[in-house]
Amino acid sequence: MNDLENNNVENGLNNFITEIIDNDIANNKNNGAVITRFPPEPNGYLHIGHAQAIWLNFSIAKKFGGKCHLRMDDTNPEKESIEYANAIQEDVKWLGWDWNDDLYFASDYYQQLYNYAIELISSGKAYVCDLSPDEFREYKGTLKEPGRPSPFRNRSVEENLTLFEEMKNGKYADGEKCLRAKIDMEHPNILMRDPAIYRIRRAHHYRTLDKWCIYPIYDFAHPLEDAIENITHSICTLEFEVHRPLYNWFVENTSVKATPQQIEFSRLDLSGTMMSKRKLLQLVEEGVVAGWDDPRMPTVSGLRRRGYTPEAINNFCEKAGITKFKGIIDLSLLEHCVREDLNKHASRYLAVMNPLKVTISNWEEGRVDILEGVNNPEDETAGTREIPFSKHLYIDRNDFMENAPKKFFRLSEGREVRLRYAYYITCDEVIKDENGEVIELICSYDPESRGGKSPDGRRVKGTIHWVSVEHAAKAEVRLYDRLFATERPGTDDAVDFHSELNSESLTVVDAYLEPALANSDVTKTVQFERQGYFCKDKDSTAEKIIFNRTASLRDSWAKKKK
RNA sequence: UACCCCAUGGUGUAAUGGUAGCACAAGUGGUUUUGGUCCACUUAGUUAAGGUUCGAGUCCUUAUGGGGUAACCA
């Protein structure tokens, strides 16, 4: 392994883009500088796909000793808001990235962009066009047929200058005129056929308010924004590939000094969910989910509320990889990443979600024993906690079975199990109600087995979780599953994506928590032993504790049963 | 077929003309006071056909399949 490879392995970052940058640096392009940017439009919340773009741009900056700008690409006042702009910043920060002083807004460049437009007009490379949007489209041609020149294509520089200034000054109605780059109406790439670069839109902008009634269009604005900020590598997703000639055209035909390079990669796609901001917005507006931060949403804020950690998300972004191949990542990789992180860091607690009453027949009423539980077997420094034990307990209903098969290592009449950190108990009697449903178990405990082992060293295979009824706190637990039942929801236009929703994406149950969990102010995601990872939801009140299930534990027993 | 892009196990991703590797998933076994974790092992891959070469996943040609692009959105 050579030094370069070694270096890349240590950085955990090596893909076709870093190879391009390696070459650029070897050739001393940009004097070896690397400046990237993450340029979201503040028209929605960030999702896991954005998280990968963020991870990519910031990691590249870090790897090459450069920097990464955060830029709000806010050139469309009709869809953007301060709420979104703020949420984006919060999410990027939470993911662990620091843009230092490099926070920018495209809207701060409006005057500069206007000046570059004048430059293009002055050099005969842009003109004001009076075609209506319909006519504009018609003149543009189709994918297979060339376009025709606009009748306004050959206006004089002076006339264009005057008209453009009048556009800016509000002389014309919205859509009455637009400014177009003069390139080639017969170009095989339809984007090069005199694209519009400024439109008239009397919309209130959340930052520039009503100062402007003309707004620059992405294809014109973006390369110039990049150049203004001295971006060296402008990384974007695949659908902009055909825009690259246009991107370069604006860099080459204006007086900007920098020569940013656009590089496209395949956006991250996850099975069982969708990344369309428009459709996610629809789910929010229709109330299908509880908001952008609903724990079932693939948004950064949704994952945060679900109990995911930034480490898990960034690891996932890295493991998913960067290529130009448009694939779909299995949700199980994301789940693996969160379990991997949480297994190392989450404190363990006992909580019973599906309670079945257990009475210890040979335990005195009122007697309480305080036992010691290990907080995290993966981390000795996490310490221990006290767990009260008494005559009346709850165990999980799934941990009892009548006529259990031999491989069932839990409780059944006449069988013995270990209560985690407590005692061995044997089920002596099963009490049922008039419907024949099991409502209580009468068990006897072995006083010699305190702490979960007995002096005779007998083997008790099963260990189950429990809580003491009188010490337990009741809580609500929200069990989340994938939002959609299909692998690729929303990809078939003939299918309404609502029909692909998973009707069981949310199940609400009651749970009984051991006191150490109920009394602590948990802010981190914890493990309910043998069940999964859970975090306290923001809907919790002093009276009502609410937990969200982040992810279940792997369950090889459940698999075996199938 | 107007132009552009892409194609490696089920999924994602390495291999930069020289032994097709890794991760997830799936499965088998072991350890275990979480049927978790951990450990070991197994299954499974270069879209096709030509060409260049001592040697091709990699380079060339063609075919096939998939995707993107015709907003005064980004």
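This is a predicted model: local features need pLDDT of at least 70, side-chain atom pairs count only at pLDDT 80 or more; totals for chains, interfaces and linings use all residues.
**Notebook: a protein model with RNA strand B**

I started with Asp 24, which sits in helix H2 (residues 16–26). Is Asp 24 buried or exposed? Its relative accessible area comes out at 10%, so I put Asp 24 down as buried, the cut-off being under 20%. I also looked up how far Asp 24 is from Val 34: the two are 10 residues apart along the chain, and their C-alpha atoms are separated by 9.4 Å.

**Thr 273**

Next I went to a loop residue. Thr 273 lies between strand S9 (261–265) and helix H10 (277–285). I got a relative accessible area of 9% for Thr 273, so this residue counts as buried too. Then I checked Thr 273 against Leu 501. They are 228 residues apart in sequence, yet C-alpha to C-alpha I get 9.3 Å.

**RNA strand B**

How many residues surround RNA strand B? I count 68, and the closest are Glu 19, Asn 76, Arg 199, Gly 451 and Arg 530. By class, that surface has 27 charged, 25 nonpolar and 16 polar residues. I also asked which parts of the RNA face the protein. Of the RNA strand B atoms within 4 Å of the protein, 63% belong to sugar or phosphate, and the rest belong to bases.

The side chain of Arg 137 has an N or O atom 3.3 Å from a phosphate oxygen of RNA strand B. With Tyr 421 the RNA atom is a base oxygen, 3.3 Å from a backbone N or O atom of the residue. Then I listed the elements that give two or more residues to the surface near RNA strand B: helix H6 (133–140), strand S6 (196–200), helix H12 (310–320), helix H13 (331–345) and helix H15 (556–561).

**The cavity**

I searched for cavities of 30 Å³ or more and found 1. The volume of the largest cavity is about 40 Å³. Which residues line it? I wrote down Tyr 218, Asp 219, His 222, Pro 223, His 243, Tyr 247 and Gln 262. Helix H8 (residues 218–228) supplies the largest share of the lining, 4 residues. The class tally for the lining is 3 nonpolar, 3 polar and 1 charged.

**The sheet**

Last, I traced an open sheet of 7 strands, with the order S19-S16-S17-S18-S12-S15-S20 and mixed pairing. Its edge strands are S19 (463–464) and S20 (466–468), each pairing on one side only. As a reminder to myself, strands of a sheet pair through backbone hydrogen bonds, either parallel or antiparallel.

I followed S12 (residues 355–360) to both of its partners. With S15 (residues 392–396) the pairing is antiparallel over 5 bridges, and Pro 355 stands opposite Asp 396 in S15. With S18 (residues 438–445), S12 pairs in the parallel sense over 4 bridges. There, Ile 360 has Cys 443 of S18 as its bridge partner.

I then checked S16 (residues 416–419) against S17 (residues 424–432), which pair in the antiparallel sense over 3 bridges. What stands opposite Arg 418 in S17? I found Tyr 424 there.

Conventions:
Residues are numbered from 1 along each chain as its sequence is written. Chains are lettered from A and ligands numbered from 1 in the order in which they are written. Side-chain values use heavy atoms; hydrogens and water are left out. A residue is near a molecule or strand if one of its heavy atoms lies within 4 Å of it. A polar contact is a pair of N or O atoms within 3.5 Å; within protein, one must be able to donate a hydrogen and the other to accept it, and residues adjacent in sequence count only if both atoms are side-chain atoms. Ala, Val, Leu, Ile, Met, Phe, Trp, Tyr, Cys and Pro count as nonpolar, Asp, Glu, Lys and Arg as charged, and the others, Gly among them, as polar. Two strands pair if DSSP finds at least two bridges between them. On a 1 Å grid over the protein atoms alone, a cavity is a set of points where a 1.4 Å probe fits but cannot get out, and a pocket is an open set with protein on both sides within 12 Å along at least five of seven lines; lining residues have an atom within 4 Å of a point. Grid points are joined across faces, edges and corners, and a volume is the space filled by probe spheres set on the points. Buried means under 20% relative accessible area, exposed over 50%, partly exposed in between (1.4 Å probe, protein chains only).
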